[in-house]
Amino acid sequence: MKDEKEPRILEEQQTTQVHRATKATDVVPLNIVTVKRYESKFRLTDAGTWPIFIQFLFYPKPLGRSQFFFIRVLLLIAMIFFTIQLMANGYDAWIAQYLHCLNLPVHESGHIVFSIFGNRVIHSLGGSLFQIIMPIVFCISLWIWQRDILGASVALWWAFENFIDVGVYIEDALHMKLMLISGGTGAEAPYGFHDWNFILSEMGLLLKYDTIASAVYTAGYIGMWLCVLWGAWSLFYYWFYQRD
């Protein structure tokens with residue numbers, strides 16, 4: 001009896017196995033996803049491994065020996081010295097007085113440029129804006145097209161120095177004691193001749209002149225120090241990674 005049952009049991013097992021192999025779930029392939037861990041390939045010596053925005057901000061064009069590296073070092077030292085002097089003496093610093101003579105024609109040109117908008121407030125604001133915009137144009141030209149980060153940092157430093165020049169004008173908005181290009185003070189001139197008295201009066205912010213001036217001064221000082229660091233980075237990178 002046992003011999004007769006055993007073949008039958010084997011046949012049933014084989015039939016069951018074949019039946020299971022034909023199920024749809026048995027023939028669907030499994031897509032196993034494996035995650036590989038890659039070590040960071042960022043290398044300071046190889047700018048190709050830097051993120052794009054880091055390259056854009058911080059990768060300087062390699063300098064040849066004819067690019068006067070030590071003159072660039074002197075420029076950086078001058079930026080540091082003038083920034084310290086401006087922070088110590090403000091508008092009374094001799095560099096501020098000297099640069100004011102250069103900034104003033106740009107300021108007056110800004111009034112002409114912004115007069116095309118036909119708005120008196122924008123026309124008055126145009127002088128201060130233009131003396132900041134002009135150095136930024138030089139900065140963009142040196143940075144984007146020449147990849148001369150030190151040159152760009154010097155131009156941008158000049159833009160932030162103009163914040164000090166503008167800050168003095170804002171600080172004078174209420175009392176109008178500064179001597180203007182007309183040869184008299186703002187208090188002696190007709191309403192609207194003193195740019196920032198007119199701008200803040202029209203905007204209802206005249207009594208906040210000191211707060212606005214302080215914010216402009218602070219932005220100028222912080223911006224100048226950031227420009228110093230930006231320029232210093234370009235020289236550091238050249239000296240340690242590019243000059244060979």
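User: Leaving aside neighbours within four places in sequence, what is histidine 107 in contact with?

Analyst: In this predicted model, the contacts of histidine 107 beyond four places in sequence are Gly127, Ser128, Gln131, Tyr169 and Asp195.

User: And which helix is histidine 107 in?

Analyst: Histidine 107 belongs to helix α5, which spans residues 94-114.

User: Buried or exposed?

Analyst: Histidine 107 is buried, because its relative accessibility is 6% and the cut-off for buried is under 20%.

User: Which side chains make polar contacts with the side chain of histidine 107?

Analyst: One is the side chain of histidine 111, at 3.1 Å. Another is the side chain of glutamine 131, at 2.7 Å.

User: What comes just after α8?

Analyst: Glycine 204 is found there, with a positive phi of about 70°.

User: Switching topic. How many disulfides are there in the whole structure?

Analyst: The search of the whole structure finds 0. Cysteine 139 is in no disulfide, and its nearest cysteine sulfur belongs to cysteine 227, 7.2 Å away. Cysteine 227 is likewise in no disulfide, with the sulfur of cysteine 139 as its nearest. The cut-off for a disulfide is 2.5 Å between the sulfur atoms.

User: Are those two cysteines buried or exposed?

Analyst: Cysteine 139 is buried, with a relative accessible area of 4%. Cysteine 227 is buried too, at 2%.

User: Now α4 and α9. At what angle do their axes cross?

Analyst: The axes of α4 (residues 69-89) and α9 cross at roughly 160° and come within 10 Å. The two helices are therefore roughly antiparallel to each other, the cut-off for that being over 145 degrees.

User: Left-handed or right-handed crossing?

Analyst: α4 passes α9 in a left-handed crossing.

User: Which residues meet there?

Analyst: On the α4 side they include Phe69, Phe70, Val73, Leu76, Met79 and Ile80. On the α9 side they include Tyr221, Met224, Trp225, Cys227, Val228 and Gly231.

Methods:
Residues numbered from 1 in each chain as written. Predicted model: local features only at pLDDT ≥ 70, side-chain atom pairs only at ≥ 80, totals over all residues. Heavy atoms only, no water. Helix = DSSP H or I, 4+ residues; strand = E, 2+ residues; numbered from the N terminus. Buried < 20%, exposed > 50% of the residue type's maximum accessible area, 1.4 Å probe, protein only. Polar contact = N/O pair within 3.5 Å; in protein donor to acceptor, adjacent residues only side chain to side chain. Contact = heavy atoms within 4.5 Å. Axes fitted to C-alpha atoms, helices over the stretch in contact; angles between N-to-C directions. Parallel < 35°, antiparallel > 145°, perpendicular 65-115°, else oblique. Left-handed = near helix turned anticlockwise from the far one by under 90°.
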